[in-house]
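Student: I would like to go through this model slowly and ask what lies behind the terms used for it.

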Amino acid sequence: MKTIFQDKPALFPEKCADGRAIKPITQVLLDRRATSHFKPDPVPEEYLEAILEFATQAPSGFNLQPWRFVVVREKANRARLQKAAFNQEKVGEAPVNIIAFAIKDDWKNYIDQVFHEGVRRGYGKPEMIPGLKKMASDFLEKGIPQQTWVNRHTMIAVTTMMLVAEAYGLDTAPMEGFDPQAVGREFGLPQNAEVIALLAIGYGQTPDKPYGGRFALSEIIHDEHFGHPWSSHAKSAGQTSENTFEEIERRIIEPLQPA
């Protein structure tokens, strides 16, 4: 079966549904929270389409795009999914739920078409295809477990969905609490499908979940080698802008002072 390719999305909403400006990516990252309860308000079709379109722009190894999605909107189907998701209320409440999955080893069915399409669009030359295909096949068959590979790449696309939804003023709830076999049975997924995540999309009930704080960079980032904590030269946690400027001034002046 021939695989259909598309170009980058060109038509998508340029404002939120209520007319507000789209949030910049920095604000998106600061505002996004996992939503516990949703309003029944529907997600406008053009915004759902944009979320799905941008998810397909996520990067993937060798551009093989292993992610697949089932969009669940009908009330009866949301109820079935809720039952398979340990009866989480948000699944039944949210007007849209996404089942994110991948079919293990399915890349073998379209790897040739992906590489030929890449050449057609200017990536490399036709004579490069056999070498690229061998390199990719060797890695995917011998270098990494399929479950690991499809999980990594599908979650990049799911994360993209969350960020685009937030930019448009929508709320999301990613979920790993579900019975993958039950989800597969209820929605007719192939036997070799790996159900990776569920994502509820809609308008959250207020108030939003409060910010829970994040680890300081020095707790999670190592400078060049494990055991060498990152030392930020910018503002650190709990430090005011005034403190930061004083510290910068001190570092400039001290070397100029006589010993």
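Student: Which residue in S4 does Val96 stand opposite?

Tutor: This is a predicted model, and in it Val96 stands opposite Ile201 of S4.

Student: What makes S2 and S4 count as paired strands?

Tutor: Pairing asks for at least two bridges between two strands; S2 and S4 are joined by 8 bridges and run antiparallel, so by that criterion they pair. S3 also pairs with S4 in the antiparallel sense, over 5 bridges, and Asp171 has Gly202 in S4 as its bridge partner.

Student: How do you know that S4 is largely enclosed by the rest of the structure?

Tutor: Buried means under 20% relative accessible area, and 10 of the 10 residues of S4 are buried, so the strand is largely enclosed. The largest nonpolar core has 21 residues, with Leu198 among those that have the most contacts inside it, and S4 gives the largest share of this core, 4 residues.

Student: Why is Thr154 called buried?

Tutor: The cut-off is under 20%; Thr154 has a relative accessible area of 0% and is therefore buried. Thr154 belongs to helix H7, residues 146-167, and, setting aside residues up to four places away in sequence, touches Pro66, Trp67, Ala100, Phe101, Ala102 and Ile196.

Definitions and conventions. Residues are numbered from 1 along each chain as its sequence is written. This is a predicted model: local features need pLDDT of at least 70, side-chain atom pairs count only at pLDDT 80 or more; totals for chains, interfaces and linings use all residues. Side-chain values use heavy atoms; hydrogens and water are left out. Helices (H or I, at least four residues) and strands (E, at least two) are DSSP runs, numbered from the N terminus. Buried means under 20% relative accessible area, exposed over 50%, partly exposed in between (1.4 Å probe, protein chains only). Contact means heavy atoms within 4.5 Å. A nonpolar core is a set of buried Ala, Val, Leu, Ile, Met, Phe, Trp, Tyr and Cys residues joined through side-chain atoms within 4.5 Å.
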